[in-house]
Amino acid sequence: MKTDILIVGSGVAGLYCALNLPAEKRIVIVTKDTASKSDSQLAQGGICVLRDENDYDAFYEDTMRAGHYENNPDSVDIMIRSSQNIIADLVSLGVRFEKNGEEFIYTREGAHSRPRILFHEDETGKEITSHLLNAAETRKNITLTEHFTMVDLIVRDNLCRGIIGRDAKGSYTCIQADYTVLATGGIGGLFPHSTNYRHLTGDALALALTYGIRLQHIDYIQIHPTTLSTEKDGREFLISESVRGEGAVLLNSKGERFVNELLPRDVVANAIFEEMKKEGSKHVWLSLAPIPEDQIRSHFPHIYEHCRKEGYDITRDPIPVVPSQHYFMGGIDVDRYSRTSMERLYAVGETACNGVHGRNRLASNSLLESLVFAKRAAEHITSYYNKSDELPEPAIDAARYDGCEAVYRTLVLEAIEKEKKRHGSHHNENECR
């Protein structure tokens with residue numbers, strides 16, 4: 001099988017990249033699960049935007065400070081400068097951000113010096129991703145294939161010529177492409193406790209390690225301070241940072257506050273871990289008492305409903321919360337156009353690292369960063385498009401890929417541990433829970 005452009009992943013980065021490619025190009029998107037099961041769908045809080053030119057310096061400083069000034073300044077500047085055009089594009093696709101009349105409503109989250117976050121209830125990621133997915137499904141030049149797992153790259157002379165994948169029936173297929181874009185998301189499936197979908201296990205990282213594709217800061221793994229503490233298995237339910245941005249407070253078992261809730265995520269998570277250690281507890285408490293009840297029900301309806309099903313009325317009761325693995329700041333090293341160190345191979349979204357986030361991501365920068373650099377990848381591919389010759393159909397040795405998931409999982413985890421030791425433990429003070 002041969003196509004013009006192959007995109008691996010159906011989150012906001014993969015979908016938006018596809019939508020920004022020329023209509024005459026044949027585009028194939030493959031995704032490991034159903035198209036709607038991406039971490040982009042789970043983003044609750046919102047998406048940052050530069051409100052006006054007077055906000056630039058503060059937005060830039062907030063992003064850099066949260067990232068411990070290990071961010072790439074050029075990437076941060078590109079993201080902020082591109083934000084208004086991205087929002088306008090999303091609105092044109094039908095995305096509904098909250099408004100007061102004709103004016104956007106902005107909220108604030110931890111480590112932001114002012115409100116600059118647009119949102120849709122407490123399901124902003126779902127609102128954005130569903131509109132992008134709907135748009136992609138209407139494009140005649142885009143083919144979307146679900147339950148297709150990438151197991152290998154097709155590489156010739158350090159040129160990426162496509163991938164080998166396995167479908168739901170266990171059959172293997174080669175998909176050749178002039179250009180390949182990796183948009184495979186995060187690595188939460190590698191950890192016992194994570195807000196991510198379990199099928200996101202860093203497949204692209206494993207193949208990058210296999211083929212010597214340059215990586216960056218793969219030990220930079222963010223712990224979200226507040227996920228609902230339960231005894232159930234599976235993905236942890238995130239309590240959005242915007243809840244704290246609107247006034248919710250963290251309490252210990254004595255009902256005492258112990259941290260400024262609006263500090264960067266890593267600082268708040270570490271404070272929670274320390275308090276749990278001091279008290280010998282499995283969680284701390286999050287109280288929404290400072291937030292008016294009508295605001296809770298209107299701004300956080302899905303969090304309210306989920307907690308209600310777990311036996312908590314967040315308009316009256318504090319809820320037990322614990323930090324969990326949430327986001328991957330490191331990844332496949334890319335430049336300002338999302339190019340990797342392998343020719344004809346791009347990477348976008350959480351699987352890529354362009355340096356925007358530094359050592360710790362600022363709240364609600366993830367959707368924006370993914371969209372900005374996915375569009376830049378599409379524009380670069382379009383501007384410099386050069387068709388490749390079709391290779392003879394590569395022979396596939398299916399036995400070679402038996403058990404590859406476990407091999408890839410071990411490969412990525414060992415590489416992360418190696419990088420942690422090289423950097424020193426201060427980059428990741430607490431184990432991913």
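The crossing of helix 2 and helix 3 is right-handed, where right-handed means that the near helix is turned clockwise from the far one by less than a right angle, and left-handed means anticlockwise. Helices here are DSSP runs of H or I with at least four residues, strands are runs of E with at least two, and both are numbered from the N terminus.

Before we go on, a word on the model. It is a predicted one, in which local features need pLDDT of at least 70 and side-chain atom pairs count only at pLDDT 80 or more, while totals for chains, interfaces and linings use all residues. Residues are numbered from 1 along each chain as its sequence is written, and side-chain values use heavy atoms, with hydrogens and water left out.

**Two helix pairs**

The table sets out the two pairs. Axes are lines fitted to C-alpha atoms over the helix stretch in contact, and angles run from 0 to 180 degrees between N-to-C directions.

| Pair | Angle | Axes apart |
|---|---|---|
| Helix 2 (residues 56–66) and helix 3 (residues 73–92) | about 135° | 10 Å |
| Helix 5 and helix 11 | about 75° | 9 Å |

The angle makes helix 2 oblique to helix 3, whereas helix 5 and helix 11 are roughly perpendicular to each other. Under 35 degrees counts as roughly parallel, over 145 as roughly antiparallel, 65 to 115 as roughly perpendicular, and the rest as oblique.

Which residues of helix 2 meet helix 3? Tyr56, Phe59, Tyr60, Thr63 and Met64 do, and their partners in helix 3 are Pro73, Val76, Asp77, Met79, Ile80 and Arg81. Contact means heavy atoms within 4.5 Å. By class, the contact of helix 2 with helix 3 has eight nonpolar, one polar and two charged residues. Ala, Val, Leu, Ile, Met, Phe, Trp, Tyr, Cys and Pro count as nonpolar, Asp, Glu, Lys and Arg as charged, and the others, Gly among them, as polar.

In the second pair, Leu205, Ala206, Leu207, Leu209 and Thr210 of helix 5 make the contact with Tyr408, Leu411, Val412 and Ala415 of helix 11. The contact of helix 5 with helix 11 divides into eight nonpolar, one polar and no charged residues.

**Covered helices**

Helix 5 (residues 203–211) has Asp203, Ala204, Leu205, Ala206, Leu207 and Ala208 buried. Buried means under 20% relative accessible area, exposed over 50%, and partly exposed in between (1.4 Å probe, protein chains only). The cover over these residues includes strand 8 (149–156), strand 10 (172–182), strand 15 (319–328) and helix 11 (404–423). Glycine 212 follows helix 5, and its phi is positive, near 70°.

Helix 1 (residues 12–19) is mostly covered, with eight of its eight residues buried. Among them are Val12, Leu15, Tyr16 and Cys17.

Is leucine 144 buried or partly exposed? Leucine 144 is partly exposed, at a relative accessible area of 27%. Its place is strand 7 (residues 142–145). Beyond its neighbours within four places in sequence, leucine 144 is in contact with Ser10, Ile29, Ala35, Leu133 and Glu137. Leucine 144 and serine 10 are 134 residues apart along the chain, with 8.6 Å between their C-alpha atoms.

Proline 225, in strand 12 (residues 221–228), is buried, with a relative accessible area of 0%. Not counting residues up to four places away in sequence, proline 225 touches Arg244, Arg265, Val268, Ala269, Ile272, Val322 and Pro323.

**Cysteines**

The structure holds zero disulfides, a disulfide being a pair of cysteine sulfur atoms within 2.5 Å. For cysteine 404, the nearest cysteine sulfur is that of cysteine 174, 14 Å away. Cysteine 404 is buried at 5% relative accessible area, and cysteine 307 is buried at 0%.
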